[in-house]
Amino acid sequence: MPNLKEIRSRIVSVSSTMKITSAMKMVSAAKLKKAQDRMQNIKPYSTALDDAIQNLIPSVSSSDIVLTKSFSQDEAHLIVPISSNRGLCGAFNANVFKEVRSSKNQDKIEVYAIGKKSIELFRRAGYKIIGQNSDIIDTPNYNQSKGISNYIIEGFKLGKWSSVSIVCNLFKNAATQSVINNQILPICFETNNIRAKDYIFEPDKKTIINKLVPDQVHTKLFESILNSVAAEHGARMTAMHKATDNANELKQNLTLSYNRQRQAAITNEILEIVAGAEALKGS
């Protein structure tokens with residue numbers, strides 16, 4: 001059983017840890033609000049772009065749209081896992097890794113890793129990493145994201161991969177994040193319940209659709225990054241909240257144990273004093 005000095009030292013240590021976890025929770029809560037605002041700001045553009053493409057689909061032959069078919073003869077597949085740059089966010093990064101590991105044809109998967117934890121996990125697991133970026137997680141930037149998606153689109157056109165998917169955490173609320181595996185190339189359009197509309201095209205419709213479709217890929221990647229950043233802060237806030245509660249519970253148990261041992265020590269000292277006094281009287 002630890003002595004009073006050891007218990008007191010543990011109480012001080014747990015108290016310090018509790019202050020850190022509590023501060024990290026507050027920081028994540030503040031960053032979560034900003035991340036949610038960025039995520040909400042891109043939604044109107046993303047929705048309008050999707051609507052514009054869906055309205056054009058009935059007027060354009062699928063053979064005229066470049067990114068709707070695969071240019072690769074084999075089954076090579078590119079996965080873009082999006083993780084965080086830091087830990088202490090529960091199973092946030094592990095869930096992304098598990099989702100990729102559950103994919104079929106592991107030997108034909110290549111990875112473009114976004115986020116330091118993603119780079120570390122997939123490099124350790126022996127995956128072929130054809131590209132990586134961690135700066136965009138700390139400072140999400142559309143131009144930087146567009147550079148990544150342009151690289152992916154060009155590689156897809158050259159036939160390096162038959163398909164491209166993004167694996168990331170989808171933000172639902174501060175306490176809930178779900179992992180999604182979203183294919184971005186080749187593009188798949190929903191043609192159900194779409195009526196052709198009478199448009200005047202300037203320039204021609206083939207040029208317009210092949211300009212809008214890559215923009216949709218750029219937007220999907222950037223939107224996934226913003227989603228992942230918001231989900232990361234939500235996951236860290238939840239993890240730090242639980243860690244603070246656990247530290248507080250441990251501190252209470254240690255304080256109770258400390259008080260019991262201290263009380264027992266005081267009682268023993270009193271008994272020794274009384275016994276000594278009785279011995280003196282008897283002599």
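Student: Does Asn 85 count as buried or exposed, and at what relative accessibility?

Tutor: In this predicted model, Asn 85 is found in the loop between strand E1 and helix H2 (92-101). A residue is called buried under 20% relative accessible area. Asn 85 therefore counts as buried, at a relative accessibility of 8%.

Student: Which side chain forms a polar contact with the side chain of Asn 85?

Tutor: Asn 85 touches residues including Gly 115, Ser 134 and Ile 137, leaving aside residues up to four places away in sequence. The Asn 85 side chain also reaches a backbone atom, the nitrogen of Lys 116, at 2.8 Å. The polar contact between side chains, at 3.2 Å, joins Asn 85 to Asp 138.

Student: What distance between the end C-alpha atoms of H1 agrees with its number of residues?

Tutor: Helix H1 covers residues 4-56, which is 53 residues. At 1.5 Å a residue, H1 should therefore span 78 Å. The distance between its end C-alpha atoms agrees with this, at 76 Å.

Student: At which residue does H1 bend, and which proline follows?

Tutor: At its N-terminal end H1 is capped by Asn 3, with a side-chain oxygen 3.2 Å from the backbone nitrogen of Lys 5. Further along, H1 bends by about 30°. The bend is at Lys 43, and the proline that follows within four residues is Pro 44.

Student: Which element gives the most residues to the largest nonpolar core?

Tutor: The largest nonpolar core has 44 residues, and Leu 67, Val 80 and Ile 114 are among those with the most contacts inside it. Elements that each supply at least two residues of this core include H1, strand E2 (109-114), helix H5 (142-157) and helix H6 (205-282). With eleven residues, the element that gives the most is H6.

Student: What radius of gyration does the chain have, against that of a compact globule?

Tutor: The C-alpha atoms fill a box of roughly 115 × 40 × 30 Å along the principal axes. A compact globule of 283 residues would have a radius of gyration near 19 Å. The chain has 29 Å.

Terms used
Residues numbered from 1 in each chain as written. Predicted model: local features only at pLDDT ≥ 70, side-chain atom pairs only at ≥ 80, totals over all residues. Heavy atoms only, no water. Expected span 1.5 Å × (residues − 1). Bend = angle between axes of the 7 residues up to and from the residue. Polar contact = N/O pair within 3.5 Å; in protein donor to acceptor, adjacent residues only side chain to side chain. Core = buried A, V, L, I, M, F, W, Y, C linked by side-chain atoms within 4.5 Å. Buried < 20%, exposed > 50% of the residue type's maximum accessible area, 1.4 Å probe, protein only. Contact = heavy atoms within 4.5 Å. Rg over C-alpha atoms; globule rule 2.2 N^0.38 Å.
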